[in-house]
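Follow along in the sequence and the 3D view.

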Amino acid sequence: MFTSGNKGVPTMILEAVATKSLRIWHAFFGTAESQNDINVLNKLPLIIQAIKGETHTIHYNVNGTQYDMGYYLADRIYPEWAVFVKTVSNPQSVEDKLYSSKQVGARKDVECVFGVLQARFDIVRRPTRLWKQADVINIMQACVILHNMIVEDEKESIRDVLDLNYKPSATIVIPPEVHTNENPNPIFAEALRRNSAIKAQPTHRKLKTDLIEHIWQRYGNKEKRRASAMLPARVLFEDPHKGF
């Protein structure tokens, strides 16, 4: 079950969340390669913890709209959930093109992390031979820990910017609220509510629209000036009948 059709050899999936500083702050490793991102998503601790209410609650404002859940930049294969922000397929307007370039550029950070891991630790990319699955998982987790230690040692600070507007008061992080020794029925109902909020497609689409507008307001003028600077100069030519 660890062998997929495109690889042809047994492999395991590493799903990670990384910051722009290349620090891995969440890693989920050990799932069979024969599964896709959707199957892995159903087992992802980040989502399970969010449904249980064991994650921090984040409040932030984008384009005048208040949101109460953080989000992750993901590629197109992920579903339209409120916790994922994807790029625009085949962008046509200048606003959509600017948003797509910013989103894809930021999302490439995690791919860069995978490349750094393989370049820094040769044991990550070479065959595991006859190692047991538990040993391979321990080796990957050790490499991730060592990678983060190197990043923190080489960087002066870790840039974890949660505020889209770069205002200290715009983003509020509240500790998780986990209640115990209570009637299980309200707790189960609250878990169902969180699950519905996480998978809400209208929130996903609204957040993407607000982000497109927010990014255009913040960077649109720069893109206009850059486009104007790239316009070809007008060529003057001599017409024998009309002059210049």
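**Helix α3**

In helix α3, these residues are buried: Leu98, Tyr99, Ser100, Gln103, Arg107, Asp109, Val110, Val113 and Leu117. Buried means under 20% relative accessible area, exposed over 50%, and partly exposed in between (1.4 Å probe, protein chains only). The model is predicted: local features need pLDDT of at least 70, side-chain atom pairs count only at pLDDT 80 or more, and totals for chains, interfaces and linings use all residues. Residues are numbered from 1 along each chain as its sequence is written, and side-chain values use heavy atoms, with hydrogens and water left out.

Helix α3 covers residues 94-120. Its 27 residues should span 39 Å at 1.5 Å a residue, and the end C-alpha atoms are 39 Å apart, so the two values agree. The expected span is 1.5 Å times one less than the number of residues.

Where does α3 bend? The bend is at aspartate 109, by about 25 degrees. That angle lies between axes fitted to the seven residues ending there and the seven starting there. Asp109 is also among the buried residues of α3.

**The chain as a whole**

The protein chain has seven helices and seven strands. These are DSSP runs, numbered from the N terminus: helices are H or I with at least four residues, strands are E with at least two. From the N terminus on, the order is β-β-α-α-β-β-β-β-α-α-α-β-α-α.

Of the 244 residues in the protein chain, 31% are buried. The chain exposes about 16,200 Å², and carbon and sulfur atoms supply 54% of that area. Accessible areas come from the Shrake-Rupley method with a 1.4 Å probe; for residues, only the protein chains shown count as cover.

Contact means heavy atoms within 4.5 Å. Among contacts between residues at least 6 apart in sequence, 60% join residues at least 24 apart.

**Salt bridges**

A salt bridge is a side-chain nitrogen of Lys or Arg within 4 Å of a carboxyl oxygen of Asp or Glu. By this rule the count is seven.

| Pair | N to O distance |
|---|---|
| Arginine 205 and glutamate 80 | 3.2 Å |
| Glutamate 111 and lysine 108 | 3.6 Å |
| Glutamate 190 and arginine 193 | 2.6 Å |

Arginine 205 forms its salt bridge with glutamate 80. This pair links distant parts of the chain, 125 residues apart: arginine 205 sits in helix α7 (residues 201-229), glutamate 80 in the loop between β5 (72-73) and β6 (84-85). Arginine 205 is partly exposed at 42% relative accessible area. Glutamate 80 is partly exposed at 28%.

Glutamate 111 and lysine 108 are three residues apart in helix α3, so about one helical turn separates them. Glutamate 111 is partly exposed at 40% relative accessible area. Lysine 108 is partly exposed at 40%.

Glutamate 190 and arginine 193 both lie in helix α6 (residues 184-198), three residues apart, about one turn of the helix. Glutamate 190 is partly exposed at 29% relative accessibility, and arginine 193 is partly exposed at 46%. Elsewhere, salt bridges that share partners join Arg107, Lys108 and Glu111 into one network.

**A nonpolar patch**

Which residues make the nonpolar surface patch of about 290 Å²? They are Ile145, Leu146 and Met149. Methionine 149 lies in helix α5 (residues 133-154). Patches are made of residues with over 30% relative accessible area and no salt bridge; like charges are joined within 9 Å, nonpolar side chains (Val, Leu, Ile, Met, Phe, Trp, Tyr) within 5 Å.
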